[in-house]
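Here is a short report for a reader meeting this structure for the first time. Take a look at the model, then read on.

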Amino acid sequence: MVEALAPSGRQVELVHADSSVTITEVGGGLREYTIGGAPVLDGYDIGTMASRGRGQLLLPWPNRIADGRYPFGGTTHQLPVNEVALGNSSHGLTRWSAWELERLGPVAVRASFILRASCVPRAATPSPSASLRSTTSPTTG
């Protein structure tokens, strides 16, 4: 029997005292964060995907890059245009990707992602790969 996954993938919940945080596999972001039962961020239900960037890691850049083009090292690079109606490359390259979640202890998790040049057009990244990591703990934020 295959277990159904939440739309945002595998979830890891961390609890410390009256704080709890839920980290998602898709985007490596926060789905839920509460202190004393009160929400700290505008999260989303386990049965839905993040909307409007809710709790997502917008890497390697937040916001939009017009026409998906940017100069680096004397060369203009082209990113995927994923906000087609406006012609922008929007909110990074990792937002909808599966991150590896590694529990570091009872109240810490690391979300890791390796962005390889094969994931995006060759001209988009000046180096062949980049390693991105985020460590979350309800005790340190």
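## A buried charge and its partner

Start with Glu83. This is a predicted model. Glu83 has a relative accessibility of 18%. The cut-off for buried is under 20%, so Glu83 counts as buried.

Which residue pairs with Glu83? Arg64 does, through a salt bridge. Their closest N and O atoms lie 2.8 Å apart. The pair links distant parts of the chain, 19 residues apart. Glu83 sits in the loop between strand 7 (75–78) and strand 8 (88–90). Arg64 belongs to strand 5 (residues 64–66). Arg64 counts as partly exposed because its relative accessibility is 41%.

## Other salt bridges

Side chains of opposite charge can pair when their charged atoms come close. How many salt bridges are there in this model? The count comes to 5.

One of them joins Asp67 and Arg69, with the closest N and O atoms 3.8 Å apart. Asp67 is partly exposed, at 42% relative accessibility. Arg69 is partly exposed too, with a relative accessible area of 45%.

Another brings together the side chains of Arg110 and Glu102, at 3.6 Å from N to O. Glu102 has a relative accessible area of 33%, so this residue is partly exposed. Asp42, Arg52 and Arg54 form one network, joined by salt bridges that share partners.

## The chain as a whole

What is the chain built from, helices or strands? The chain has 11 strands and 0 helices. Read along the sequence, the pattern is β-β-β-β-β-β-β-β-β-β-β.

The chain holds 141 residues, and 41% of them are buried. Its accessible surface comes to about 8100 Å². Carbon and sulfur atoms account for 56% of that surface. Now take the contacts between residues at least 6 apart in sequence. Of these, 47% join residues at least 24 apart.

## The nonpolar core

In soluble globular proteins, nonpolar side chains tend to be buried together. Here the largest nonpolar core has 17 residues. Which members touch the most others? They are Leu14, Ile23, Leu79, Leu101 and Val109.

Strand 1 (11–16), strand 2 (19–24) and strand 10 (108–116) each supply at least two of its residues. The largest share comes from strand 10, with 4 residues.

Key:
Residues are numbered from 1 along each chain as its sequence is written. This is a predicted model: local features need pLDDT of at least 70, side-chain atom pairs count only at pLDDT 80 or more; totals for chains, interfaces and linings use all residues. Side-chain values use heavy atoms; hydrogens and water are left out. A nonpolar core is a set of buried Ala, Val, Leu, Ile, Met, Phe, Trp, Tyr and Cys residues joined through side-chain atoms within 4.5 Å. Buried means under 20% relative accessible area, exposed over 50%, partly exposed in between (1.4 Å probe, protein chains only). Contact means heavy atoms within 4.5 Å. Accessible areas come from the Shrake-Rupley method with a 1.4 Å probe; for residues, only the protein chains shown count as cover. A salt bridge is a side-chain nitrogen of Lys or Arg within 4 Å of a carboxyl oxygen of Asp or Glu.
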